[in-house]
Amino acid sequence: MNHDLVIIGAGPGGYIAAIRAAQLGLNVACIEKERMLGGTCLRVGCIPSKALLESSELYKEAEHSFKDRGINVGSLSLDLDKMLSQKDRTVKTMGGGIDSLFKKNKITRYTGHATITAPGKVSVDNGEEKTELEAKYILIATGSEPSTLPGIELDGDRVGTSTEALAYDQVPKHLVVIGGGVIGLELGAVWSRLGAKVTVLEYLDRILPTTDLEIAKEAQKIFEKQGIEFQLGCRVTGVKANKKTCDVEIADAKSIRCDRVLVAVGRRPNTENLGLEEIGIALDKRGFIPVNAHYETAVKGIFAIGDVIGGAMLAHKAEDEGVAFSERLVTGYGHVNYDAIPSVAYTNPEIAAVGKTEEQLKEEGIEYRKGTFPFIANGRARAMGQTEGKVKMLADKQTDRVLGVHILGPRAGDLIAECAVAMEFGASSEDIARCCHAHPTLAEAVKEAALAVDKRALNF
């Protein structure tokens, strides 16, 4: 079969690249080994985890918060099976939506494992037969998978990754999370809300290593008040799975016995068994595919985007790269501004950021001014009863251009969008401060933080 473009992987990067290329007139094929399109993000990542986060948060609110508002819910009980089935329905519906988009855009879908046999040639093995494809261009968008640590053997049951933690058949009595990053904290929060004792073990002396330190420290205090335990500077040397329990072994410390272990120590690229080295594409020491500024590999006509090329392992980053790749392929121009890609941890409160952290600015010797505004001084946050956290804005000392925004608080993931747009357009803190924000809204906290950069916040 001949196509203009063959894409390997139908996750956020791959399927979005396919749709945009098809919109621009290319004959596009997309290969995906899983039956459902959408990749890790849809099947066992972003979407199912957010469904559980939302459900568990509603459960927690019903248990504690509603009474304060004069809402008596009566006897409260958890139907875990129904909660999990709602998550699965959400995933299935969205997976079907991508199928429809492929049909709408006349994208040919192949199911099976892809191997690049030569420049312009891909073999698809579905377990029963092989299909040989030819294309002028090949795009690798195979994403990533959970990593583990030496001494930890994943058994897919007691000791597992985020995939297993999305589908526990009962609430753990004691869940140990190895890794204090976004994935570990989000899923730890889900099971903590539903009644589990949760202990987070982190090798570093802090949680959320890529987050602004001031924000991360404040977030940890909030999570500790919610009942999550943290052990920092903690090196896990092994996990022993018993019949009904697990023993987590820690260097220079007493082991911890629990009934579930979630290994959340990062992700590694899916670059094995694609035939890359055989055709002249050498991976770097971490398994990523080196590419140039236009996502082209060492072999002409073969490109890569998303988690397989490193950088922030975020679905929306891969999507933007997919669009930029397809547009450049057809129009000659495509661009991603990596300084304006937001990130969100969907904990409660949420943590969102765009741009540089305060630590990065100090390390790079960039002079800056800082403005902060706490949600406790925001009227909408008070009305919602969600007053923890703050907005923190960093602006260049000379030009006032916004260099970074960090938000810990209610709906931070939505609030950060305004800041990303502002940074994309090179806005100053004064620009944001001069824009009228509706009252009473959480977004007023962003405006106040911008005012605070110039030490003129009005409500704090």
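Helices (H or I, at least four residues) and strands (E, at least two) are DSSP runs, numbered from the N terminus. The model shown is predicted: local features need pLDDT of at least 70, side-chain atom pairs count only at pLDDT 80 or more, and totals for chains, interfaces and linings use all residues. Residues are numbered from 1 along each chain as its sequence is written, and side-chain values use heavy atoms, with hydrogens and water left out.

View A. Helix H13 spans residues 444-453 and is mostly covered, with nine of its 10 residues buried (under 20% relative accessible area; exposed is over 50% and partly exposed in between, with a 1.4 Å probe and protein chains only). Among the buried residues are Glu444, Glu448, Leu451 and Val453. The cover over the buried residues includes strands E20 (368-374), E21 (390-396) and E22 (402-409), together with helices H11 (412-424) and H12 (429-434). Just after H13, Lys455 adopts a positive phi of about 55°.

**View B. The crossing of helices H3 and H6.** The axes of H3 (residues 46-64) and H6 (residues 182-193) come within 9 Å and cross at roughly 35°; axes are lines fitted to C-alpha atoms, for helices over the stretch in contact, and angles run from 0 to 180 degrees between N-to-C directions. H3 passes H6 in a left-handed crossing, meaning that the near helix is turned anticlockwise from the far one by less than a right angle. Residues of H3 including Leu52, Leu53 and Tyr59 meet Glu186, Leu187, Val190 and Arg193 of H6, where contact means heavy atoms within 4.5 Å. The residues of this contact divide into five nonpolar, two polar and five charged.

**View C. Aromatic pairs.** Four aromatic pairs are found in a search of the whole structure (ring centres of Phe, Tyr and Trp, the last by its six-membered ring, within 6.5 Å; planes under 30 degrees apart are stacked, over 60 edge-to-face and the rest tilted). Tyr168 and Trp191 form a tilted pair, at 5.2 Å centre to centre and 40° between the planes. This pair links distant parts of the chain, 23 residues apart: Tyr168 lies in the loop between helix H5 (162-165) and strand E9 (174-178), and Trp191 in helix H6. Both Tyr168 and Trp191 are buried. Tyr137, Phe303 and Phe325 form one aromatic cluster.

**View D. Ser123 in strand E5.** Ser123 lies in strand E5 (residues 121-125) and is buried, with a relative accessible area of 8%. Its side chain makes a polar contact with the side chain of Glu132 (3.2 Å); such a contact is a pair of N or O atoms within 3.5 Å, and within protein one must be able to donate a hydrogen and the other to accept it, while residues adjacent in sequence count only if both atoms are side-chain atoms.

Definitions and conventions:
Nonpolar A, V, L, I, M, F, W, Y, C, P; charged D, E, K, R; others polar.
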